[in-house]
Amino acid sequence: MKIGIIGAGNIGGNLTRRLTALGHDVSVANSRGPQTLTELAEETGATPVPVEEAARDAEIVVVTVPLKAVPDLPSGLLEGADEGVVVIDTGNYYPQQRDGKIAGIEDEGLTESRWTERQIGHPVIKAFNGTFAIDILERARPAGAPDRQALPVAGDDEAAKRKVRALIDELGFDTVDAGGLDESWRQQPGTPVYGLREGVDGVTKALAAASPERTAEWRA
C-alpha cells in the first residue's frame with residue numbers, strides 16, 4: 001500500500017520503520033525538507049519528499065506533527081492522493097507544554113482531532129495519539145498473543161476506520177473502536193487510556209471511565 005507520513009518525529013519515524021519493514025511503499029516528509037531525512041531513508045527505504053508531495057497517490061496519510069503546526073500545513077495537502085484516501089491523526093493538544101491556547105479546542109469545545117479535521121479540510125481517524133513511540137517498534141505481537149496491546153481508534157467514517165484498524169492489526173496490535181470523532185476526548189491526554197499498555201478489555205474499560213472535562217493541567 002502507498003502510505004504518506006507527514007512528520008518524522010518519534011511516532012512518524014517509527015511508523016516509517018515498521019511500515020516499510022512490512023513492505024509498504026512509504027513517502028515521508030517533515031517541515032525541514034527531504035534533505036534532512038537522508039538517514040531515515042537509507043535505514044528504511046522510504047522516500048523522502050516535500051510535505052506538498054507526501055500524499056501523492058497515497059491510500060493512507062498519517063499526520064503526525066505538533067498540533068500548533070497543523071494550520072501551517074500547505075493548502076491542497078491531499079491533492080493527488082488516492083480518491084478514497086484515509087487520514088490518520090496522531091496529534092495531541094499540549095497547551096502548557098508546547099502548543100499554547102487553541103481557541104477552537106478550549107472555547108468551542110472541539111475534540112482535538114475534530115479541530116485538526118477542520119484545519120486540513122478532510123475527515124480524520126484518530127489513532128496512535130496515546131501510544132509510546134518505542135512500543136511501535138518493541139511491543140508488536142501476533143494476533144491472539146495474551147500480551148498483545150490494544151490501541152483505541154476513533155472516527156466517523158466506518159470504512160476508513162476499518163482500514164486503519166486493519167493496518168494496526170498488521171503492525172501487531174489489537175484495536176478498540178472508540179466511537180466517532182466527537183467521542184475522541186476519551187483518548188486525549190489526561191484520560192485513563194492515554195499511554196495505557198493493556199489489551200482489549202483494559203482499553204475498553206479505560207475508555208468507558210473517561211471524563212469529558214478538561215482538567216487544569218490540559219488547559220492553557
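Me: In which helix is the place of Glu117?
Reply: This is a predicted model, in which local features need pLDDT of at least 70 and side-chain atom pairs count only at pLDDT 80 or more, while totals for chains, interfaces and linings use all residues. Residues are numbered from 1 along each chain as its sequence is written, and side-chain values use heavy atoms, without hydrogens and water. Helices are DSSP runs of H or I with at least four residues, and strands are runs of E with at least two, numbered from the N terminus. Glu117 falls within residues 112-120, which form helix α5.

Me: Is Glu117 buried or exposed?
Reply: Buried means under 20% relative accessible area, exposed over 50%, and partly exposed in between, for a 1.4 Å probe and protein chains only. Because its relative accessibility is 14%, Glu117 counts as buried.

Me: Which backbone nitrogen does the side chain of Glu117 reach?
Reply: Leaving aside residues up to four places away in sequence, Glu117 touches His122, Pro123, Val124 and Leu181, where contact means heavy atoms within 4.5 Å. At 3.2 Å, the backbone nitrogen that the side chain of Glu117 reaches is that of Val124.

Me: How many charged residues are in the lining of the largest pocket?
Reply: A pocket is an open set of points on a 1 Å grid over the protein atoms alone, where a 1.4 Å probe fits, with protein on both sides within 12 Å along at least five of seven lines, and lining residues have an atom within 4 Å of a point. The largest pocket holds about 650 Å³ of space, and of its 36 lining residues the closest to the centre are Gly7, Gly9, Thr64, Val65 and Pro66. Helix α1 (residues 10-21) gives the largest share of this lining, three residues. By class, the lining has 17 nonpolar and 15 polar residues, and the charged residues number four.

Me: What is the volume of the second largest pocket?
Reply: Of the 20 residues that line the second largest pocket, Trp185, Gln188, Pro212, Glu213 and Arg214 lie nearest its centre. By class, this lining has seven nonpolar, seven polar and six charged residues. The volume of the second largest pocket is about 390 Å³.

Me: Is Phe128 buried or exposed?
Reply: Phe128 lies in the loop between β6 (125-126) and α6 (133-138), and its phi is near 70°, a positive value in a residue other than glycine. Because its relative accessible area is 4%, Phe128 is buried.

Technical notes
Polar contact = N/O pair within 3.5 Å; in protein donor to acceptor, adjacent residues only side chain to side chain. Points joined across faces, edges and corners; volume = space filled by probe spheres on them. Nonpolar A, V, L, I, M, F, W, Y, C, P; charged D, E, K, R; others polar.
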